[in-house]
Amino acid sequence: MSKITLKFDANQEHQLKAIDSAVRLFDGLPAVETGFQMGDEIVANAGEMDFIDEDFLNDNLDMVQSANGIKKTSLSPQWDDGLMLEGVSDESWRYPQFTVEMETGTGKTYVYLRTIHELRRRYGLRKFVIIVPSIAIYEGVIKSFDITKSHFDSLYGGENVHLTRYAGDQLSKLRGFATSSFTEIMVMTIDAFNKATNNIFKPTEKLPGEMLPYQYIQKTRPVLILDESQNYRSDKSRQALRTLKPLFSINYSATPIDKPNMIYCLTPVDAFKMNLVKKIEVLGVVEQFNYNQPQMRLALYDIKLTAYGLAALLHVHVHRKGEIVEEIVSFRKGDDLYEKTGNENYRGIVIAEIDKANNVVTFTNEERLSLHDEGPLNLAKEEIFRVQIDNTIKYHFARQRELLGRGIKVLSLFFIDRVANFVYEDGLIKRLFDEAYDKHKRSHPYFRGWSAEEVREGYFAKKRTKNLPDEFVDTTIEEEKKTAADKSLEKAAYELIMKDKERLLSFDEKVCFIFAHSALKEGWDNPNVFQICTLNQTKSETKKRQEIGRGLRLAVDQNGERVTDDQVNILTVIANESYESYVSGLQNEYQEAGDATPPPPSNAHKAFAARNDRVFNGEDFRRFWGRLCQRTDYQINVDTEKLIELCTHKLNRTPFPEPQIVITKGEFVMVDYRLRLLEVKARMCKLEIIITDTNNNVQQQQTWFHPGKDLSRHLNDPNLKGFRITGIVQQGDESKVIFSDRGELALGEMVRFQKKSGLKTDPIAQHEAQTTYPVFNIIDRAMRETQLTRRTILHIFKGLDERIKRSVFKNPEGFTSIFIKTIRDVLANHVADRIQYTLKDGLEAYEIEAIFPELQKFPQKELLDGSAASLYDQVQVDSDVERRFVTNRLNAETDKMICYFKFPFKFRINMPKVIGNYNPDWGIIRWDEDGAIKLELVRETKGSIDPNLLQYQHEKRKIQCAEAFFAAIGVDYRQITDEVAEWWKKKSDNIKLF
């Protein structure tokens, strides 16, 4: 059976930017040199008490954040600081931490694995520990390492990188990790070292000498990679991480919460706009208008800690403007359900207790409601499941028929409510699936010859007992409550699906319908999941973002190549709730993560955008389209001498980093904090803050604060984190101030606490590093990366100032990185300035009916109503500028407009590889002001009419090349904003802006 080999693109801009952001934090840091090692010597990233200089990090952090448009949140880098794990050590530790935020499905694991290679190549760092929160992600990381190995081998010359799968019963591996001179990566779950009773903290005969197992890791001064970093916020987790004595950490997450020292951010909005993930559409399946049951639905959705205490989010039926509607409503202890819903069925039901630890709500009538209550099986629930499964199969068959010719296998993923509903012979979900599959396969030749049993597979934890049948078990236990047996079962389930990940992509594998309970909520995804069916009744158990994350990656074909067509990359969610309810919940998930929300998922029932055949079949549009499709060729008249001159000129004015010794020793002191509330008036509070340390340093101030003030930011002191003022109560002697995470402080009272804090001393030595480093063949590398000739690269190098040439010996890798990047940028600008297009015979092979189908879907795109002149009755827009341009210009000028359309994604203008192909915005046919001449126009809508003010330089280059292309085919092209009044005029004409 064939197995698809996934291929990776080494040049994805968003990934390269994330990698570069982490690597540039340490520009100027001398590489760690490792000479001949004895077999038992530990190879470390730094000395036992060596720390990277704080001022050095601050300067580089400023540079990275500025380049990425990230607002600085503190005057100096944020360090994690405090005690190590209680019961293991009474030491303190302090280390800097950085945050990379990347939306699910955009290659976060790839980014940090490649970052490890770059940190080794640039700075000689060899020891890395990847921390994961669960078995699921543990297995996912190992799988990612395996499938990217050959890719990274090709990029980094087969560099020896070894991965250690840490397990508490294999402690002997720690010695090899510590003493190896190769790049070593260890993968650990947080619960493998977050308790003093873990094996890693106990003596063992498996390791020689007096050191305990964890001390082998400590002495390497590892770089920590924290995967899903939002899971390590508890005091116990932070203590455990400090116990490893890291040199620094980089946090990676799609939903970070604390975000210390953010260096790169790719939000859900960015990912959707940049077509880096699938668009989402939702098919909602709910029971409607049946409000006559004596016990109407009452389900616990979630329990949250709010500023006013614990709140239970209940799924209830509410009387709203004369109708009963389903809503999720927040209730606190003492709330009467009838009073908040107006529903007579809830009369007398009052919240008595909210138990977050056990996720249980108790009512005054002694009834209890658990987060995992699924409710009784009834005819309504069975019918909802039937419709969901039926529609999932229909969507699956239709998508497979559509994508078969493109070599793309379609997968559907079902999240089910109970394992028993699938694994047993009489299981409801299995029965409903088999019935629907057998019914629909008759009209689909591709599936006609396969039975339901052949195409479906369940991935569940399986418990084996001697002389007894296998028992399938649920694994929906909170991570910290799982026993060793639970984790072993879960690991087996993950290994099963991980092994099948690539095989599932092949047409040789019949399985294409995947059923899971909780095992696939995180740590696993597959690029060819096109349908997700949620048959689980409660949504708190598996959050919406976790569910859709299993299918967000862009599809791949039988060659393992990514497919970027946005008409292919559509994820359909078949949800057992209304479209409105699902979208509202999903948007709330993004908002809770602190992100701007992406466009709402499209309603799968929403009508397609309908083509305006009067425009489509009209002579004007057909003539214009024919002109746009004229075949062209381009020539690049590179002026080599000019290019050399431009490169040397820019390089001679570009700073090149030089290494310096920036390692300092650290001293730890005890700091005493005292906060007293002195006065409250006019919604402000006066606080006295006294900070004293054991070195006799004293800070004291009395200051007025207003609500929202964060004391940690005000004093630039991370130890005051949690003291953000969320409320001020003025009630005479009963006045008080309320803090975000530190409770309340009453008038005249004082809160006091101590922290161990790291204070840097003056560097022991501050001098230049060794004068020379081994220099590799910079010219050959630059030739490969830029595709320029050896002669050209040599002439550029020879043209550099002697001072810059000498710097190559001080920092060869840093020099080469800037040298190549600068040449590539200058070359791209040179090409854009000098490109020429010429017409060729014939037209490009665009099938007009395929590129402009009669009915068009725009999943997860904002749509506006078109006009009589628009090619479709709904118009897709991607920005506020486009929205205003369509509304205020194209739709408003009805007497002048003949035809307009948004260029489809498939229409691409061929441009040199160094620039990238181009998809224009708008094609327009309009009468001139005199109504005498038909103008055929292409317009690019941006936030500025000046290409030099565009956010990304590559956009300017594409527009330059587009100007040359459209000039060659005789079509008027121009970059505009929505504020350009006479937008139809040529660029050279006298233009009124307002």
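Guide: Start with contacts, meaning heavy atoms within 4.5 Å. Among contacts in the protein chain between residues at least 6 apart in sequence, 71% join residues at least 24 apart. This is a predicted model, where local features need pLDDT of at least 70, side-chain atom pairs count only at pLDDT 80 or more, and totals for chains, interfaces and linings use all residues. Residues are numbered from 1 along each chain as its sequence is written, and side-chain values use heavy atoms, with hydrogens and water left out.

Visitor: How many helices and strands does the protein chain have?

Guide: Both are DSSP runs numbered from the N terminus: helices are H or I, at least four residues, and strands are E, at least two. The protein chain has 28 helices and 41 strands.

Visitor: At what angle do α25 and α28 pack?

Guide: Axes are lines fitted to C-alpha atoms, for helices over the stretch in contact, and angles run from 0 to 180 degrees between N-to-C directions. Helix α25 (residues 812-834) packs against helix α28 (residues 953-969) at about 20°, the axes being 8 Å apart. Angles under 35 degrees count as roughly parallel, so α25 and α28 are roughly parallel to each other. On the α25 side the contact includes D825 and A828, and on the α28 side R957 and C961.

Visitor: Is C961 buried or exposed?

Guide: Buried means under 20% relative accessible area, exposed over 50%, with a 1.4 Å probe and protein chains only. C961 has 0%, so C961 is buried. Of the 994 residues of the protein chain, 54% count as buried.

Terms used:
Angles under 35 degrees count as roughly parallel, over 145 as roughly antiparallel, 65 to 115 as roughly perpendicular and the rest as oblique.
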